[in-house]
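Subject: Structure handover

Hello,

Here is the structure we talked about. Please open it and keep it beside this email as you read.

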Amino acid sequence: MTSSIEQLRRAAEDGSGDAQYNYAATHYNDSEVVLDLGEAARWFRRAAENGHLRGACMLAELLRRGNDLPKDTVEAARWYRLAAEQGDTSAALNLGLMCMFGERVEKDVDEATRWFRGAAELGDKAAQNNLAIMHTTGTGCPQDDTEAARWFRCAAGQGHPEAAFSLGELLLGGAAEDFGEAASWFRIAAEQDDDAETRVRALFVLAQMHHVGKVLPQDQSKALRLAGLAADE
């Protein structure tokens, strides 16, 4: 163990919540320390009990996944809730997902919507995308394409590829069609490298637009080039 990690351990043992969290993280993902999820969970728990929100979230994540530890989604939800109630957007997002899919807590789409909305209003792009999807389907909230577009736009503006694609679809097929803006969002989705599936879908849509020539200028060579890029992904 290096001297810096040893100093961190001593600070953690002295009761510093930040040190407890950071020491736990060394057992979770530090190349200088042997991976030990049990030790990571123990120190994340001490940090969480010391009021450290990220510690609570990481403990919840380990309990939720299980892996080499006993899986306990009920306790995971409790720690997510504690952090979410204090404004942690990651905790609110994950608690919303647990409520949405009934991960050993009672399935409750209204509760899921509440947590997604809270995280979305604090700027979490994944929560904004989830809330937009719920508005498109009317799940847990009124069906409202205008609200869906607003939240898709918020998430897409922060670089969420799926939100950009979904916003393009909504603008293309909604009552207030806006083909020009739809094409712009499809282009943005196609330029993202961190979501290959959405990138491929966007490239195929743009290729089709150039092939048909209804939304974008008809250009068969560009359509073939875009379709080729999609096929190569």
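One definition before the findings: a residue is buried under 20% relative accessible area, exposed over 50%, and partly exposed in between (1.4 Å probe, protein chains only).

Two notes on the source. This is a predicted model, in which local features need pLDDT of at least 70, side-chain atom pairs count only at pLDDT 80 or more, and totals for chains, interfaces and linings use all residues. Residues are numbered from 1 along each chain as its sequence is written, and side-chain values use heavy atoms, with hydrogens and water left out.

Salt bridges

A salt bridge here is a side-chain nitrogen of Lys or Arg within 4 Å of a carboxyl oxygen of Asp or Glu. The count by this rule is 14.

Start with R45. This residue is partly exposed, at 26% relative accessible area. Its side chain meets that of E75 in a salt bridge, 2.6 Å from N to O. E75 is buried, with a relative accessible area of 16%. Helices are DSSP runs (H or I, at least four residues), numbered from the N terminus.

E39 bridges to R42, with the closest N and O atoms 3.0 Å apart. Both lie in helix α3, three residues apart, about one turn of the helix. R42 is partly exposed, at 40%.

E13 pairs with R9, and here the closest N and O atoms are 2.6 Å apart. Both sit in helix α1 (residues 3-13), four residues apart, again about one turn. E13 is partly exposed at 41%. R9 is partly exposed too, at 22%.

Why does the spacing matter? An α-helix has 3.6 residues a turn, so residues three or four places apart point the same way.

Aromatic rings

Rings of Phe, Tyr and Trp (its six-membered ring) pair if their centres lie within 6.5 Å; planes under 30 degrees apart count as stacked, over 60 as edge-to-face, and the rest as tilted. The structure holds four such pairs. One of them is Y28 with F44, edge-to-face, at 6.2 Å centre to centre and 75 degrees between the planes. Y28 lies in helix α2 (residues 17-29) and F44 in helix α3 (residues 37-49), so the pair ties together parts that are 16 residues apart in sequence. Is F44 buried or exposed? F44 is buried, at 1%. Y28 is partly exposed, at 24%. Y21, Y28 and F44 form one aromatic cluster.

Charges over rings

A charge sits over a ring if NZ of Lys or CZ of Arg is within 6 Å of the ring centre and within 35 degrees of the ring normal. The charged end of R78 sits over the ring of W79, 4.7 Å from its centre. R114 does this with W115, at 4.5 Å.

Helix α2

This helix has 13 residues. Its buried residues include Y21, Y23 and H27. Among what covers the buried residues of α2 are α1, α3 and α4 (53-65), where contact means heavy atoms within 4.5 Å.

Best wishes

Methods. Helices (H or I, at least four residues) and strands (E, at least two) are DSSP runs, numbered from the N terminus. The expected span of a helix is 1.5 Å times one less than its number of residues.
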